[in-house]
Amino acid sequence: MKTTEEHRIIVRRVADFAFANTVNLPNLKELYKTHPKDWSKDIQKKFITKVHEGYKKAQILLIEQILNYQNLLKEKKESLKEYRRQRDSKNQKNIKIEIEIINQRLSTFSHIADGIAWLLIGGEIHIARRLHIGENSSKLLASSNIEHAKKVANEINKSPLDFALISDLTSFVQIGDLLIKHRNSVDIMELKEGDINDQIKEFIDKLEKNNKPVTDEVLNEKFDKKTVKQAKRMQRQNLRAERVIEIINKDKGIDPVSQTPIRISTPKIKTEGYQEEFIKLKKVLETKTWAYSVLENCLHIGMYRDEGIVLAGFAIEEILKKDTDNYIIIDWLSITNNLSQPLFAKPFPADFIVDLLTGKLRIILGLNLDNLIEFFNILGIETKWLSPKETAKAKQKAIRKGIVVINNRAISMKLPYLDGEALLSGGIISKILYDNVLPSNIALSMLSIENEEE
């Protein structure tokens with residue numbers, strides 16, 4: 001397995017292709033002073049070509065690295081089984097550490113692919129959520145149709161103005177095999193191999209061409225039960241893709257998971273983040289091995305390097321425990337496994353991001369929920385803890401999926417656009433901790449909504 005420094009070099013190389021391939025464009029600084037809409041068609045074409053060229057090079061390296069680490073992970077897991085059989089506790093411990101490192105490196109490379117996907121969909125979190133349908137995101141490239149996907153992607157990628165991203169490289173794109181960026185639109189492609197799939201596709205295409213419905217009765221007349229099942233699965237996949245494409249390109253449509261109509265509205269309150277706080281703390285780390293701050297009396301941030309990293313495991317939690325039993329704490333590196341704005345979309349220097357992804361830097365975030373409730377009340381949202389009994393009742397309702405429950409209690413909020421209560425959700429917590437939106441901005445945004453939701 002590669003050393004940490006070797007891994008760091010590879011991560012930086014892939015990330016530079018993916019997100020910095022335009023840095024050598026002539027007159028780039030002058031170009032960025034103007035809006036892309038004001039660029040000439042020739043400049044636009046050169047810029048898009050250079051961006052896509054970087055994506056394509058990054059994708060080749062991502063496939064290589066992910067395949068290598070997935071194969072290595074398989075070997076390590078087999079070794080772990082053998083050490084368990086032998087009851088060799090020392091080697092079990094060592095191999096578990098290696099497996100943990102491999103899994104994090106796989107998450108890092110998928111996070112780079114997530115960053116590319118994020119750019120392809122215009123950095124819209126509501127689109128990212130529609131592309132993620134909640135399936136197990138651990139995909140083994142070797143057992144997928146990766147070779148077919150590579151072949152089709154490479155064919156599409158011959159066009160300098162088009163780019164096809166292989167979905168299995170990402171952690172959140174779970175609809176379609178390829179996410180394709182054309183110059184003015186985004187598309188999703190399902191790939192099917194084999195004679196049976198070809199027959200199904202040809203039959204369905206013929207029906208649709210003649211404006212005939214694809215019913216169970218029609219399918220049963222043509223195919224056996226197993227093939228009918230496959231045909232229905234293909235139909236579901238195609239329908240999901242069509243619905244997501246409509247949402248991406250029109251900001252409205254039918255949600256592919258809930259099947260409910262949605263319309264995306266532009267927020268009335270400008271999003272305010274606290275990313276600059278990370279930059280301030282990183283400056284402190286030039287002379288210290290740790291740095292700490294608290295925002296809005298509820299959000300705790302700890303940043304650590306070198307020997308100070310040992311504090312990351314307990315320092316913030318000890319501070320929170322002194323004030324409350326009701327808190328949430330995360331290692332910010334877990335962003336690589338969270339459906340949120342990727343690190344590469346944030347306004348951080350490349351070295352800062354690579355340091356975080358390769359363990360040279362560690363950030364811990366803690367949220368004091370008692371203080372958050374108090375703060376929301378001050379800002380005008382009536383917020384309170386529910387009792388364990390009230391929480392249990394709320395959890396039984398399907399619409400309450402994703403609610404935050406701490407010590408058997410959820411948090412209710414009364415909002416102007418709702419007749420009843422809303423419960424604090426994981427989505428709100430994710431916006432604070434992973435998207436780095438200030439709690440005050442979250443509250444003001446909710447207060448600004450006027451009877452319309454996604």
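Predicted model: local features only at pLDDT ≥ 70, side-chain atom pairs only at ≥ 80, totals over all residues.

Visitor: How many aromatic pairs does the structure hold?
Guide: The structure holds 9 aromatic pairs. Rings of Phe, Tyr and Trp (its six-membered ring) pair if their centres lie within 6.5 Å; planes under 30 degrees apart count as stacked, over 60 as edge-to-face and the rest as tilted. One of the pairs is Trp39 and Phe47, which is edge-to-face at 5.0 Å centre to centre, with 70° between the planes.

Visitor: Are Trp39 and Phe47 buried or exposed?
Guide: Trp39 is buried, with a relative accessible area of 9%, and Phe47 is buried at 17%. Buried means under 20% relative accessible area, exposed over 50%, and partly exposed in between (1.4 Å probe, protein chains only).

Visitor: Why is the pair of Phe348 and Phe352 tilted?
Guide: The pair is tilted because the planes of Phe348 and Phe352 stand at 50°, with the ring centres 4.8 Å apart.

Visitor: Moving on, how do strand 6 and strand 7 pair?
Guide: Strand 6 (residues 290-295) and strand 7 (residues 299-305) pair in the antiparallel sense over 6 bridges. Strands (E, at least two residues) are DSSP runs, numbered from the N terminus, and two strands pair if DSSP finds at least two bridges between them. Their hairpin has 3 residues between the strands, and Glu296 takes a positive phi near 50°.

Visitor: Which residues make up the uncovered face of strand 6?
Guide: Trp290, Tyr292 and Val294 do, whereas Ala291, Ser293 and Leu295 form the covered face. The bridge partner of Tyr292 in strand 7 is Gly302.

Visitor: What order does the open sheet of 3 strands have?
Guide: The order is 10-11-12, with antiparallel pairing. Strand 10 (382-385) and strand 12 (421-423) are the edge strands, each pairing on one side only. Trp385 stands opposite Ile411 in strand 11.

Visitor: Finally, where is Asp177?
Guide: Asp177 is in the loop between strand 1 (163-166) and strand 2 (178-181). Asp177 is buried, with a relative accessible area of 17%.

Definitions and conventions: Residues numbered from 1 in each chain as written. Heavy atoms only, no water. Helix = DSSP H or I, 4+ residues; strand = E, 2+ residues; numbered from the N terminus.
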